[in-house]
Amino acid sequence: MPTREHEIPLRLVQNRPDMAPALLESLGIEVPHHTEALNTSSVLTNCDPKEFNSDGAVVLREGTENVMAVVIERQHGHDQGKRRSWPAYLVTLRVRLRCPTVLLVLCPTDAVAAWCARPIRTGHPGFDLAPLTIGPGRTPKVTGVERARALPELAVLSARAHGDDDPEALKAMVEALNSTAEENRTFYYDYVLAGLNEAARKELEGLMSVGTYEWQSDFARKYVGIGREEGREEGLEEGREEGREEGRAYEAARSVITILESRGLTLTPHTRRRIETCTDLPTLEQWIPKAIEADTPEDLFT
């Protein structure tokens, strides 16, 4: 089951397809001139009849002509099976859209990004795929308000990646939220808040207090500033705590899987899914020391 941490970066790209070329340009990739960026079907099916489904796909168009396609993947850890599928995603989308196609992998850590960037050997001379990857360290930093308002979803990724060290990224993100659909604003804000360290959370929450910062954004004035409805802060805090709890559960699940894999143990799809979908933090915390000594992954559950 896809987790919140998996889905939100993908939703940012789906909500704002212009993010795809912006992220590619941040990696030094030359993006062709285009007049629009659109989501396209991420179902990449061949006649096998196996169905390949990427996490997302964007097509850049110049008028009515497709000039570049981007396969978007979100990868949390070491998954050789997924890497074996990536060349198929790339080739299938290229055949369908008849234009140059690139693979962009969004990763939660720089270590995962480095692992995903390793060339994929297909066996054919000269046909090796080196995925383009972005972790926190290579996420474009957005601190200017105009840039943030032009691509608010990129500002959200920037604040999540750089907000621990740069308060300007947090200010730019909140100012930009007024440029997003209203139903996304609080959702984006809570996503960033849940990913920050304690000091950065206090910084952001302090900025959102009345009188601390002269907000230009309607979002801040409406949701956390002047005229805030009584009781809303309590509801927001509950939502933030829920997001933080989900984040801690996700990190604990990843720790369990990392420990087992580092010991050379093989996880069945059922076992991996059971760990990844567990949302009970105390249970996951009990599994971590078990993972260090277990003879098999299934011993966690006994």
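Visitor: Which helix is the place of valine 192?
Guide: We're looking at a predicted model here. Follow the chain to valine 192 and you land in a helix. That helix is α8.

Visitor: Is valine 192 buried or exposed?
Guide: Buried means under 20% relative accessible area. Valine 192 comes in at 0%, so it counts as buried.

Visitor: Leaving aside neighbours within four places in sequence, which residues is valine 192 in contact with?
Guide: Take leucine 170 to start with: it sits 22 residues from valine 192 in sequence, yet the two C-alphas are 8.7 Å apart. Contact here is about heavy atoms within 4.5 Å. With neighbours within four places left out, the list for valine 192 reads Val156, Ala159, Arg160, Leu170 and Met173.

Visitor: At what angle do helix α8 and helix α9 pack?
Guide: Helix α8 spans residues 182-194 and helix α9 spans residues 198-207. Their axes are 9 Å apart. The packing angle is about 145°.

Visitor: Which residues in α9 do Tyr189, Leu193 and Ala194 in α8 meet?
Guide: On the α8 side you've got Tyr189, Leu193 and Ala194. Sorted by class, the contact of α8 with α9 has 4 nonpolar, no polar and 2 charged residues. The α9 side supplies Arg201, Leu204 and Glu205.

Visitor: Which are the edge strands of the open sheet of 5 strands?
Guide: The sheet has mixed pairing and runs in the order β1-β4-β5-β6-β9. From one strand to the next, the twist averages 25°. An edge strand pairs on one side only, and that picks out β1 (36-39) and β9 (132-134).

Visitor: What is the bridge partner of valine 71 in β6?
Guide: Strand β5 covers residues 65-74, and strand β6 covers residues 101-106. These two pair in the parallel sense over 6 bridges. Valine 71 has as its partner in β6 leucine 103.

Visitor: What angle does the direction of helix α3 make with that of β5?
Guide: Two helices are worth a look here. Helix α2 (residues 19-26) lies across β4, β5, β6 and β9, at about 85° to β6. Helix α3 (residues 80-97) packs on the sheet too, touching β4, β5 and β6. Its direction relative to β5 is about 160°.

Visitor: Why does threonine 271 count as buried?
Guide: Threonine 271 lies in helix α12, residues 269-276. Beyond its neighbours within four places in sequence, threonine 271 is in contact with Pro297, Glu298 and Phe301. The cut-off for buried is under 20% relative accessible area. Threonine 271 counts as buried because its relative accessibility is 1%.

How values were computed. Residues are numbered from 1 along each chain as its sequence is written. This is a predicted model: local features need pLDDT of at least 70, side-chain atom pairs count only at pLDDT 80 or more; totals for chains, interfaces and linings use all residues. Side-chain values use heavy atoms; hydrogens and water are left out. Axes are lines fitted to C-alpha atoms, for helices over the stretch in contact, and angles run from 0 to 180 degrees between N-to-C directions. Helices (H or I, at least four residues) and strands (E, at least two) are DSSP runs, numbered from the N terminus. Ala, Val, Leu, Ile, Met, Phe, Trp, Tyr, Cys and Pro count as nonpolar, Asp, Glu, Lys and Arg as charged, and the others, Gly among them, as polar. Two strands pair if DSSP finds at least two bridges between them. Buried means under 20% relative accessible area, exposed over 50%, partly exposed in between (1.4 Å probe, protein chains only).
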